[in-house]
Amino acid sequence: MSFTEGVFYAFSAIMIMAALGVITARNPVHSALSLVLTFFATSAIWMLLEAEFLAITLVLVYVGAVMVLFLFVVMMLDINITRMREGFMRYVPFGIVIALILVVQMVMIVGPENFGLEQFAEPARHVADHSNTKELGRVLYTDYVYPFEIAAVILLVAIVAAISLTMRRRPETKYQTPGKQVMVKKEDRLRVVSMKAEEKEK
Amino acid sequence: MIDLAISFWEWLPQWIQILAENILYIVIIMVPLMLSVAYVTYAERKIIGYMQVRIGPNRVGPRGWLQPIADAVKLMFKEIIIPTSSNRYLFLLAPMLTMAPALAAWAVIPFADGVQLADVNAGLLYIIAMTSMGVYGVIIAGWASNSKYAMMGALRSAAQVVAYEIAMGFALVGVLMAGGSLNLGDIIDKQAGGFFNWFWLPLLPLVAVYFISGVAETNRAPFDVAEGESEIVAGFHVDYSGMAFAVFFLAEYANIIMIAALTSLLFFGGWMSPFASWADVPLLGDGFHWFLLKTMFFIYMFLWIRATYPRYRYDQIMRLGWKVFIPVTIVWIFVEAVMAVMQIGPWAV
């Protein structure tokens, strides 16, 4: 077994254990953290495939941003674990059916008849200074520029929709306008009043 | 004897050779780094002391030089108290999760021409990914301690880091456009030619945004609402004691050194000398000492800022991150695109 294979099996084992942890952990925070570990191991495996740009972007986007917000929300939830345990048995048959459908779908697509070395030639190894990032960028911005831009616009629409759904106008809230605060002059705020000193009462 | 050692080395399997060699390099980077972390804490207390017209630590060793060692020994022998209602494993995992990314990012830093642990193609991206992971330690610490103050600190920190990371990422997109590569070595090579060829000049707004976001990202004053001792005691690490607290403390300083080193690498030419035409004069040519000097200057800036500004209010922090920094970076990226088309500055052919 070569070193690369050893690394591959080590990270695959971590990934599978962590993925199992996501669905078996009782505590949702533990689940979310297992998912972080899963992403991490996945990115290590992508790195072995020479997809360094995608691997690091996976860590950057999913681990660094998406999962932070996930954890943020999950930590705020007030979850009663004993009640969740009661509901578990009720949903088991339903869960098994969905799991079976997923397994069948996966076997149909990545089964031995359309996947593996017989169907695809082994990808050629590139030299060490081959820039995967540059390659990806060239393809994205030339051959796939329309799908890429359309995907970007759809995401933008989703952002705008999410914000407009959750935004509430609150006229009673007071806001500061720092521009105004900076521009304020002494005359606007301060009034010097000349007063005569009062005489001492006799 | 030497022959025996060499033949023993060659007898080892290749992967052990690679492993041993890399561990040696890691030790060579880590030991000076940890020492500098210890002495940055001393420098901070001393410099802020002088800025506030007092002496600072001067009792342990000559002029207080042994103060960090004394602190480390004290913290090591203190008891680590684990709160009974805390989540034990996550509570102990959190300090490590803060420390690990702060150290891992050093793997791709070029210290001098060609001197780096790993010459990665996507080095800049790797650094962004690593620095973005530091927030986990804070969030997990806040949640696992099962305390309201710690939770408040963690939530504040998470929101703040997510906000400033975007501005930081956009600033680095600017560097990427100027450097034309994600490889840190290439980015420095592109800055060759002395002080006015470094990226700080064409990317001036981005330097400011990057450095200030760096201060916010490391939770340093004036952005230290995650600790905010006047409101929430000590924020996310309120329940930590002894070595567990020390690891948080060390990670904060390791991150400061990291941001300072990155600012000098990406915008101030790294190991390049500012006097390109005097390269033959000893010490004025390129070399590691320039990188060290620049990094030390930016570490000093961190301390200077801390001694100068009062803490921001939370909504002001958010406003600065989302409404000022992000628009500034986006506008400057467009300006850069125009400069690239017009072939001005680093884009001159």
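This is a guided tour of a predicted model, stop by stop, with something to select at each one.

Because the model is predicted, local features need pLDDT of at least 70 and side-chain atom pairs count only at pLDDT 80 or more, while totals for chains, interfaces and linings use all residues. Residues are numbered from 1 along each chain as its sequence is written, chains are lettered from A and ligands numbered from 1 in the order in which they are written, and side-chain values use heavy atoms, with hydrogens and water left out.

**Stop 1: all of chain B**

You will find 13 helices and zero strands; helices (H or I, at least four residues) and strands (E, at least two) are DSSP runs, numbered from the N terminus. The radius of gyration of chain B is 22 Å, close to the 20 Å that the globule rule gives for 349 residues, so chain B is as compact as a globular protein of that length. That radius is taken over C-alpha atoms, and the globule rule is 2.2 Å times the number of residues to the power 0.38. Along the principal axes, the C-alpha atoms of chain B fill a box of roughly 65 × 65 × 45 Å.

Chain B exposes about 16,700 Å², with carbon and sulfur atoms supplying 71% of it; accessible areas come from the Shrake-Rupley method with a 1.4 Å probe, and for residues only the protein chains shown count as cover. Of the 349 residues, 52% count as buried. Here buried means under 20% relative accessible area, exposed over 50%, and partly exposed in between (1.4 Å probe, protein chains only). Among contacts in chain B with a separation of 6 or more, 75% come from residues 24 or more positions apart; a contact means heavy atoms within 4.5 Å.

**Stop 2: the salt bridges**

Next, select Arg220(B) and Glu44(B) and show their side chains. They meet in a salt bridge, 2.5 Å from N to O; the term means a side-chain nitrogen of Lys or Arg within 4 Å of a carboxyl oxygen of Asp or Glu. Arg220(B) lies in the loop between helix H9 (204–217) and helix H10 (229–232), and Glu44(B) in helix H2 (residues 14–51), so the pair ties together parts that are 176 residues apart in sequence. Arg220(B) is buried at a relative accessible area of 2%, and Glu44(B) is buried at 3%.

Move on to Asp224(B) and Arg311(B), whose side chains form a salt bridge of 2.8 Å, N to O. Asp224(B) is in the loop between H9 and H10, Arg311(B) in the loop between helix H12 (288–308) and helix H13 (314–342), so to speak two distant parts of the chain, 87 residues apart. Asp224(B) is buried, at 9% relative accessible area, whereas Arg311(B) counts as partly exposed at 26%.

One further pair to pick is Asp315(B) with Arg313(B), the closest N and O atoms being 2.8 Å apart. Asp315(B) is partly exposed at 41%, and so is Arg313(B) at 39%. Over all chains, the count comes to six salt bridges.

**Stop 3: helix H13 of chain B**

Select H13(B) and look along its length. Its 29 residues reach 41 Å from first C-alpha to last, close to the 42 Å expected at 1.5 Å a residue; the expected span is 1.5 Å times one less than the number of residues. Centre on Leu320(B), where H13(B) bends by about 30°, the angle between axes fitted to the seven residues ending there and the seven starting there. The buried residues of H13(B) include Leu320(B), Phe325(B) and Glu336(B). Helix H7 (148–179) and H9 are among the parts of chain B that cover them. Just after H13(B), Gln343(B) takes a positive phi of about 60°.

**Stop 4: Ser213(B)**

Go to Ser213(B) in helix H9, which is buried at 0% relative accessibility. Beyond its neighbours within four places in sequence, Ser213(B) contacts Tyr164(B), Ala167(B), Met168(B) and Phe325(B).

**Stop 5: across to chain A**

Finally, select Ile56(A) in helix H3 (residues 52–76) of chain A. Ile56(A) is buried, with a relative accessible area of 4%. Not counting residues up to four places away in sequence, Ile56(A) touches Met47(A) and, from chain B, Ala122(B), Leu125(B), Tyr126(B) and Ala129(B).
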